[in-house]
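Q: Could you help me learn to read contacts in a protein model, step by step?
A: Gladly! Let's take a look together.

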Amino acid sequence: VVSAVYDSGQALGLTLSGNGLTVGAYGSERKRSDNAAKNTDSFQGVWYANYSIGPVSIGYSESYHDMGLTQTAEAAMKSDKAVTTAGGIFEAETYSIAFNVNDNLSLSYAKATDTYDDQAHTKTGGTAIDDVDMDMKSIQAAYSMGAMSIKAYRTETDNVDYQSTGGKLTINEIAVGLAF
């Protein structure tokens, strides 16, 4: 695939496992061919650790995502903060715990804080633009017996879409499955 934006890219990942512990890291960089408007190369990286002992698994990860896009402060305030199109940097910290109660029932909890830093730092008039944390919490349960399964979760998100006025979003779902 030929790209008008990127000349080349490279990526490297590494995973190590032993005695219930798995750790890994991954990074990728894309060299930008068009450095108009002082855009820079794109970089994404993540590291993670997961420890499992018996029926319990505990996980932690941190990630960093910089599309290398530069934007004005006014654009930062108005633009979509989608990871693929926003200027600025996204940094996330996630942890989770899962417990297999028995062969049929599992419970888990996860929490993530994803921070958006627009990198413009000031808007017109000199007022500072604060970083925005989108916080997510989720609890899940799954039960299966033979060909039947019941899965449920509740996820709460604060500062939806990295907007400090994005409010709170709560999603509840229960799914029943039958296999024939």
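Q: Which side chains meet Glu156 in a salt bridge?
A: Keep in mind that this model is predicted. A salt bridge is judged by how far a side-chain nitrogen is from a carboxyl oxygen, with 4 Å as the cut-off. The side chains of Lys168 and Glu156 meet at 3.9 Å, N to O. This pair links distant parts of the chain, with Lys168 in strand β9 and Glu156 in strand β8, 12 residues apart. Arg154 also forms a salt bridge with Glu156, at 3.1 Å from N to O.

Q: Is Lys168 buried or exposed?
A: Relative accessible area over 50% counts as exposed. Lys168 has 55%, so Lys168 is exposed. Glu156, at 22%, is partly exposed, and Arg154 is partly exposed too, with 37%.

Q: How many salt bridges does the structure hold?
A: There are 4. One of them joins Lys31 to Asp41, with the closest N and O atoms 3.9 Å apart. Here Lys31 sits in strand β2 (residues 21-32) and Asp41 in the loop between β2 and β3, 10 residues apart. Salt bridges that share partners join Glu29, Lys31 and Asp41 into one network.

Q: Now for rings: what describes a pair of aromatic rings?
A: The distance of the centres and the angle of the planes describe the pair. The structure holds 5 aromatic pairs. In one of them, Phe90 and Tyr162 have ring centres 5.0 Å apart and planes at 70°, so the pair is edge-to-face. Phe90 lies in strand β5 (residues 89-100) and Tyr162 in the loop between β8 (148-158) and β9 (168-178), so the pair ties together parts that are 72 residues apart in sequence.

Q: Which residue forms a tilted pair with Tyr162?
A: Tyr116 does, at 6.1 Å centre to centre and 55° between the planes. Tyr116 belongs to strand β6 (residues 105-117), 46 residues away from Tyr162. Ring pairs link Phe90, Tyr116 and Tyr162 into a cluster. Phe90 is buried at 4% relative accessibility, Tyr162 is buried at 7%, and Tyr116 is buried at 2%.

Q: Last topic, strands: how do β3 and β4 run, and how many bridges join them?
A: Look for bridges between the strands, then for the direction in which the strands run. Strand β3 (residues 42-53) and strand β4 (residues 56-66) run antiparallel, joined by 11 bridges. For example, Tyr48 has Ser61 in β4 as its bridge partner. The two strands form a hairpin with 2 residues between them, and Gly54 in the turn has a positive phi of about 55°. β4 also runs antiparallel to β5, with 11 bridges joining them.

Definitions and conventions
Residues numbered from 1 in each chain as written. Predicted model: local features only at pLDDT ≥ 70, side-chain atom pairs only at ≥ 80, totals over all residues. Heavy atoms only, no water. Phe/Tyr/Trp six-rings, centres within 6.5 Å; stacked < 30°, edge-to-face > 60°. Helix = DSSP H or I, 4+ residues; strand = E, 2+ residues; numbered from the N terminus. Buried < 20%, exposed > 50% of the residue type's maximum accessible area, 1.4 Å probe, protein only. Pairing = 2+ DSSP bridges.
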